[in-house]
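User: Please go through this model by question and answer, with the cut-offs behind each term.

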Amino acid sequence: MPWKHSSAQALKKLVGVYALPGGCWAVLTLHPAPAKTEEMRQACPEGYDYAFAVLAPGMPPKLRGHRMAGIDNSDDKHVRAQINANPPSSRHRAHRHLPDWKRLKMIGLQEWPEASPGVQLASAPQTPQAFWLACMDCLEHTLSSLGLDMPPEEELMQSHLSEDDFRRMQDSLGSEPEPRPTG
């Protein structure tokens, strides 16, 4: 079921970068995804491409840094394999990545988990609000597994930056600006 445009516009206000405890970051992106075929409508019933990624800290902080967890509906080979293994199942791409404590990456002097392979959600989020709640659940689970407290909603919202603001902050810290994706 496609998301209502007005609800998606409200979610667009939350798009950007969030500072998290422990020097971690979260990034939310959202783009309309017009479905031209029935197969595309099944894969992306929400009508939007979205990604919520929880990133490990980095110095300088990176917008496209090391991903530890998240929720998205991009094409994912593990999710595609799950769908193909069960043809009568739902064909949507919505999936979740949890921290994988068997795959660690050294950042600075500390080990951080990598994101696990994608696991298809039972159903695609019916509304942008349901997606945001799933993102907050994923964030809380990830932070608690790292031994960090979930920031109160007000504090999380105060840490919200647009991608442009984040890039300016990177520049002020002397980091190299990252190339912007094209297309």
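Analyst: R93 is placed in the loop between α3 and β5. The model is predicted, so local features need pLDDT of at least 70 and side-chain atom pairs count only at pLDDT 80 or more, while totals for chains, interfaces and linings use all residues. Residues are numbered from 1 along each chain as its sequence is written, and side-chain values use heavy atoms, with hydrogens and water left out.

User: Which residue meets the side chain of R93 in a salt bridge?

Analyst: A salt bridge is a side-chain nitrogen of Lys or Arg within 4 Å of a carboxyl oxygen of Asp or Glu, and by this rule the count comes to nine. For R93 the N to O distance is 3.0 Å. The pair links distant parts of the chain, 44 residues apart, with the partner in strand β3 (residues 48-55). That partner is D49.

User: What separates the C-alpha atoms of R93 and C44?

Analyst: R93 touches A43, C44, D49, D72, N73, S74, D75 and V79, leaving aside residues up to four places away in sequence; contact means heavy atoms within 4.5 Å. C44 is 49 residues apart from R93 along the chain. Their C-alpha atoms are separated by 6.4 Å.

User: What is the volume of the second largest pocket?

Analyst: On a 1 Å grid over the protein atoms alone, a pocket is an open set of points with protein on both sides within 12 Å along at least five of seven lines, and lining residues have an atom within 4 Å of a point. This pocket is lined by 17 residues, with E39, A43, D75, R91 and R93 nearest its centre; α2 (38-43) and α3 (77-85) are the elements that give two or more residues to the lining. Grid points are joined across faces, edges and corners, and a volume is the space filled by probe spheres set on the points. For the second largest pocket the volume is about 330 Å³.

User: Which strands are at the edges of the open sheet of seven strands?

Analyst: Strands (E, at least two residues) and helices (H or I, at least four) are DSSP runs numbered from the N terminus, and two strands pair if DSSP finds at least two bridges between them. The order is β8-β5-β4-β3-β2-β1-β9, with antiparallel pairing. An edge strand here pairs on one side only, and the two are β8 (119-120) and β9.

User: Which residue in β9 is the bridge partner of Y18?

Analyst: β1 (residues 16-19) is joined to β2 (residues 25-32) by four bridges, and Y18 has A26 as its partner in β2. Two bridges join β1 to β9 (residues 160-161), also antiparallel. In β9 the partner of Y18 is H160.

User: Which turn residue has a positive phi in the hairpin of β6 and β7?

Analyst: Six bridges join β6 (residues 99-107) to β7 (residues 110-115), which run antiparallel. I107 stands opposite Q110. Two residues lie between the strands, and the one with a positive phi, of about 65°, is G108.

User: At what angle do α1 and α4 pack?

Analyst: The contact is made by S7, A8 and L11 of α1 (residues 5-12) and by P128, Q129, F131 and W132 of α4 (residues 128-145). Axes are lines fitted to C-alpha atoms, for helices over the stretch in contact, and angles run from 0 to 180 degrees between N-to-C directions. The axes are 9 Å apart, and the angle is about 35°.

Notes. On a 1 Å grid over the protein atoms alone, a cavity is a set of points where a 1.4 Å probe fits but cannot get out, and a pocket is an open set with protein on both sides within 12 Å along at least five of seven lines; lining residues have an atom within 4 Å of a point.
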